[in-house]
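Colleague: Could we go through this model together, beginning with the ligand and moving on to the helices and the backbone?

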Amino acid sequence: MDSPIADPAAQTGDTLELRDPYPYFAARRREGGVFHGTVMDYSRTPESLRPKDTYAAVSYSAVSSALRNNRVFSSALYDSTIGVFMGPTILAMHGARHKAHRALVTTAFKPQSLMRWEPEIVRSICDALIDEFAERGRADLIREFTFEFPTRVIARLLGLPEADLPFFREAAVAIISYADKVPRAMRASVDLKDYFVEQIEQRRRTPTEDIIGDLVAAEIDGEKLSEEAIYSFLRLLLPAGLETTYRSSGNLLYLLLSHPEQFEAVRRDRDLIGPAVEEGLRYETPLTLVQRYVTEDTELEGTAIPRGAVLDVCLGSANRDENRWERPEEFDIFRKHVPHISFTAGAHTCLGLHLARMETRVALHCLLDRLTDFTLLAEGDPHIFGQPFRSPNSLPVTFDVLR
Ligand code: HEM
């Protein structure tokens, strides 16, 4: 199969297609690195909530420059978008305040922790999930695996009791679907706040060695973090850490299942798992764009942008820039490694990138350790879709169990 998401109607690039926005991105790139307009799908956004003036950075160089200039292209925009649900998050902070908060939470994701989490948490969760469907010889890997494992991983890293998993799962789904169901997301946001406040209070009484325990013990300039700073960060971990990871691991599995020769190569040589994870993130990033607020009249790659505009920073387009990659529209795990920009760059570079890579690597190892002869079934027309979040609608597969 040449292109796993081939859709003849979407190949002209004249309009943004949710199933395959990449021809549209390529067409815009041919006109320059930045254009006056948007790559967002605002079709379901009420008129009153749409930004008045938008520009979009689509070349790798424009995307990278914008992300590295947080003073002019400010992430404070998030205060008026996801901040409404999440409260004040480090995503929207800048300068010294951002640095201090980020330094604190970075310690929770340190390499020593990752080394411990890999066998104790991630591998054991993936194995337990595979136990639940292996003997059936078929499964929907999205519903039964890629959504469930990062949810359980985050719950364990936070130190939440097993019995609270159903509540946590439901609240997570509600909060990450905020664009579709605003009242439900608002309710989930309040429920999660109340829930996390209780967890914080428990740890103030009895310290624990988990991320919530670390945050409760943490101090900035001799001062403890406020309750609001802690629960807002914890809520942010749902869209930031769970949604991206479940979508990106689904994307990788879809790409490997629809390129069986590359999947077979990975099965034979596990050293290819690392390159496959990176190529999956480049070719089908789970989040195709982030947005910035323009704080002063400026210019980006020759395009003048006025103060007050919103800039779409199109990671998906940058990842397929023909000036950076040969044959960018091909999924090829054997290609020469050139870093993608799916975790962004600059001050707000993803804090969980090592965890995300490790989770996806371990998930693939576990599947290959236990199962073989995967076949992607055509039922339900599995395909990757969405903008700005992308992932497969389903991944119905059959397989054999390795004995
Ligand atoms: C493949 C998986 C992931 C992708 C593609 C991804 C992508 C991103 C992107 C694009 C940003 C920057 C947003 C912006 O600049 O506007 C970001 C920030 C962030 N990510 Fe991730 N992420 C992933 C997994 C994770 C995980 C597993 C965690 C933690 C559990 C995490 C935690 C964060 C946090 C806390 C930030 C905010 C950093 C800051 O503002 O300084 N992410 N991520």
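Colleague: How far from an oxygen atom of the ligand does a polar side-chain atom of His-98 lie?
Modeller: The model is a predicted one, in which local features need pLDDT of at least 70, side-chain atom pairs count only at pLDDT 80 or more, and totals for chains, interfaces and linings use all residues. Residues are numbered from 1 along each chain as its sequence is written, and side-chain values use heavy atoms, with hydrogens and water left out. A polar contact is a pair of N or O atoms within 3.5 Å; within protein, one must be able to donate a hydrogen and the other to accept it, and residues adjacent in sequence count only if both atoms are side-chain atoms. For His-98, the separation between the polar side-chain atom and the ligand oxygen is 2.7 Å.

Colleague: Which element gives the most residues to the shell around the ligand?
Modeller: Helix H4 (95–108), helix H11 (227–257), strand S7 (289–294) and H15 each supply at least two residues of that shell, where helices (H or I, at least four residues) and strands (E, at least two) are DSSP runs numbered from the N terminus. With seven residues, the element that gives the most is H11.

Colleague: How are H13 and H15 oriented to each other?
Modeller: The axes of H13 (residues 273–283) and H15 (residues 353–370) come within 10 Å and cross at roughly 125 degrees; axes are lines fitted to C-alpha atoms, for helices over the stretch in contact, and angles run from 0 to 180 degrees between N-to-C directions. Angles under 35 degrees count as roughly parallel, over 145 as roughly antiparallel, 65 to 115 as roughly perpendicular and the rest as oblique. The two helices, H13 and H15, are therefore oblique.

Colleague: Which residues of H13 make the contact with H15?
Modeller: Contact here means heavy atoms within 4.5 Å. On the H15 side, the contact is made by Arg-357, Thr-360, Arg-361, Leu-364, His-365 and Leu-368. From H13, the contact residues are Ile-273, Val-277 and Glu-278.

Colleague: What is omega for the cis peptide bond that joins Gln-387 and Pro-388?
Modeller: Most residues other than glycine have a negative phi, and most peptide bonds are trans. Pro-388 lies in the loop between strand S12 (384–385) and strand S13 (391–392). For the cis bond between Gln-387 and Pro-388, omega is about 5 degrees.

Colleague: What value does phi of Asp-373 take?
Modeller: Asp-373 has its place in strand S11 (residues 371–376). Its phi is positive, in a residue other than glycine, and is near 50 degrees.
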